[in-house]
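Here are a few exercises to work through with the model open beside you. Try each one before reading its solution.

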Amino acid sequence: MDWITTVDHKKIAVLYLWAGGFFFGIGGLEAILIRIQLIKPMNTFLDAQTFNELITMHGTTMIFLGVMPIIFALMNAVIPLQIGARDVAFPFLNALGFWTFLFGGLLLNLSWIMGGAPDAGWTAYTPLSSADYSATHGVDFYTIGLQIAGLGTLIGGINFLATIITMRAPGMSFMRMPMFAWATFITSAIILFAFPAITVGLVLLTFDRILGANFFDVAGGGNPVLWQHIFWIFGHPEVYILILPAFGIISEVIPTFSRKRLFGYSSMVFATILIAFLGFMVWAHHMFTTGLGPVANALFSVSTMLIAVPTGIKIFNWLFTMWGGQVRFTSANLFAVGFIPTFTMGGVTGVMLASAPADFQFHDTYFVVAHFHYVIVGGLVLGLFSGLHYWWPKMFGRMLSETLGKWTFWTFIIGFHMTFFVQHFLGLMGMQRRVFTYLPNQDFDLLNLISTIGAGLMGVGMIIFLLNVFLTSRKPADAGNDPWEDGRTLEWTIPSPPPEYNFKQTPLVRGLDAFWKEKTAGHKAMTPSEPVGSIHMPSATPLPFVMSVGIFIAGLGFMFSRDEFGSAVMSFLFNNYIVTALGLLITFGSMLLRSLYDDHGWHIEPEELEGS
Amino acid sequence: MTTAHAEAADANLPHEPEKATLEGRNKVLAFWLFLGGEAVLFGTLFATFLALRNQTNEGPSANELFHLPLVAAATFLLLASSLTSVFAIQAMHRNHPAQLRNWLVVTVVLGALFLGLEIYEFSEYVRHEEFGMTTSAFSSAFYTLVGFHGAHVAFGFVWIAVLIGQLSRKGLTVVTAPKIYVSAMYWHFIDVVWVFIFTVVYLLGKVG
Ligand code: HEM
Ligand SMILES: [Cu+2]
């Protein structure tokens, strides 16, 4: 019950972590099934339809329900602590964002047991995703499930923006803010400007499929390329929503374990902003082969290649940070160091793809698959592992086992390169992506076998990580405030796990790497910026959960509104939008309740504060 | 102004009560951000409409369909409601809860009239022109863009109506003031979007 009603950002972080981890596991199983099917030519392990459903759900699940929530988990766990705040700006909305994500994700996955999963690829290109070509409810689950989950992401983004703008501790100017906080800030801004585009895209596709609208239907005057524009004007910024937080994590971990400040802090900030800005200008590099014409292709090609400049700045800054530092190879740092070359390789193939004429050759082959897995898995997932190993003691008060952490790292990274390195060559040799099998004797056989074995090895790495988590949870929670001993930022100044109110007294920030600065000045703790006083806390509430259940019901109701049912009662309820209305009533009713009964929260008085 | 008012004005209410607390300031800031997202949302809908506005699929075209007098009347109502919501906020800043409430009532009434005209317009198209969601890409884009705006107006109507109720029960406080302020921001935003709809959909449809 506690977990359903909580509005504490630290508990919401844990919820995001478990839910994201759960979906990540499902996405991983889907990946293994895909790789088993491709282990040899003309395999009959899966049929074509199931394969299509698996690749669609794998991509969609991993991006929207796996890695994004884990990113949000780390942001929720760390950001208020790093900026010296007692909570986020809107605790209630924070909980609401989590629950809408979870129910959207559950809705999407219900498709497996309710008549077929989406099968048009994670990009849902029209007309493949139209009612003509995709006749089950699969794509409806996609449009409506993602819509609900996307709502949660948008709410989270606005919340982090407001939190970072108004709730930084005294003295923490923007240019003294840790890089992970900067990354969160910019990522949230991208979310704010990119997600509404996909919201509209999903609405249009839903209307096409359920209400018979003609947005993408050529016969009614519609235009399928319009979908691609809308999808990618969201979709390309989305890949920066994924990678910038990883950049942020790496920029925290490497300085800590090099005992040096981050090299080129201001250029890092500047590069992050520039990447975000350019990220909105390059969407059509996914559409070179659509026939936009040479002028458009040339412009998008050049603007895409420009992104390599700020990205390169970041990579050199990380290298210069380690240069001459006292580098400690903890598991967290291994993942961070492993990130650098792996991500760089993904960037290099990105620049190759950005060359429009070359892309005509690479497009829709395994070369593209290799590229984006190098950036998303070799970049983001390594970054997340790094962040999880780094902040685990802060979140749970327990140190993960270093030995198992290193085993995770080595199995995972070797498995990763085995899986995806060879796919570059498969792509160059002409193996198409999204095709459920291939003919023998095209030189594809051995490389595919290697790729599948590598995927298995990555699975082993994941299992070792889960084992590590399990064993750690049985150890006593005895991590100190600053378990790595070289913590530089504010989260390491308070107990692990932090008390409900985070900071007994809001700290005074006197420079970049606030804690490190105090340490080098010979202080053991931060100087407080306020006397000990009573602390205001928001109260727990089930409303965010109930509101999300309402949206979930409304979504299901709308999805089946045109169906014929065996039972007359069911037909009556669904075809007259009664189920939809009921769901909306639950949601809006909860909003009304929320609005009518002001939540004044409660206070923790100075006598109750630990160690006062 | 100094005459004692019967209304329950709180003498201690600060000049800009919506920004008096951190929570209030957060609300206003977050709402600005939210409107940024809404701008992208409507921007995408406008782009879609512009891409498809000539795809009439042998159905009615914009020129055949639209009656500018009707739309002009709707525009007038909505613009007027924006003005009355400004008066409401001014009353709030002068700490006059009763005036505030009255102006809010005028605002929602104007909003409801606007919605009434829009429903009438849509039903005319569907009944007499056989112009429905499925007719053409143009019709889909039209109903989606204008309908989204209409849904926003309807939501704003309910929202402000609830706030009027709240105002009567709880009075004007540092808790209610940010909500009212933010709802007024929302209302202006809807109004601005309508100005674009009037230009891009209706005027351009008639002459462009
Ligand atoms: C220097 C940076 C990068 C460049 C120049 C670049 C360039 C490209 C290009 C041109 C394509 C289109 C290939 C095609 O479909 O023919 C592509 C695809 C893709 N990229 Fe990147 N990219 C970069 C970084 C990233 C990052 C950081 C991510 C994610 C974190 C990413 C994720 C993806 C994905 C998911 C696709 C495939 C989309 C699909 O068709 O399903 N890329 N990239
Ligand atoms: Cu891209």
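Helices (H or I, at least four residues) and strands (E, at least two) are DSSP runs, numbered from the N terminus. We're looking at a predicted model, where local features need pLDDT of at least 70, side-chain atom pairs count only at 80 or more, and totals for chains, interfaces and linings use all residues. Residues are numbered from 1 along each chain as its sequence is written, chains are lettered from A and ligands numbered from 1 in the order written, and side-chain values use heavy atoms, with hydrogens and water left out.

**Exercise 1.** Work out the pattern of chain B along the sequence.

Solution. Start by counting: chain B has 6 helices and 0 strands. Then read along the sequence, and you get α-α-α-α-α-α. Finish with the C-alpha trace, which spans about 65 × 30 × 25 Å along its principal axes.

**Exercise 2.** Find the protein donors of the copper ion (ligand 2).

Solution. Donors are N, O and S atoms within 2.8 Å of the metal (3.2 Å for Na, K and Ca); water is not among the atoms, so sites may look incomplete. The search gives His236(A) (ND1), His285(A) (NE2) and His286(A) (NE2), 1.8 to 2.0 Å from the copper ion. Their spacing in sequence is H-x48-H-H. His236(A) sits in helix H7 (residues 224-258) of chain A, while His285(A), 49 residues away, is in the loop between helices H8 (265-279) and H9 (294-306), so the pair links distant parts of the chain.

**Exercise 3.** Decide whether His236(A) and His285(A) are buried or exposed.

Solution. Buried means under 20% relative accessible area, exposed over 50%, partly exposed in between (1.4 Å probe, protein chains only). By that rule His236(A) and His285(A) are both buried.
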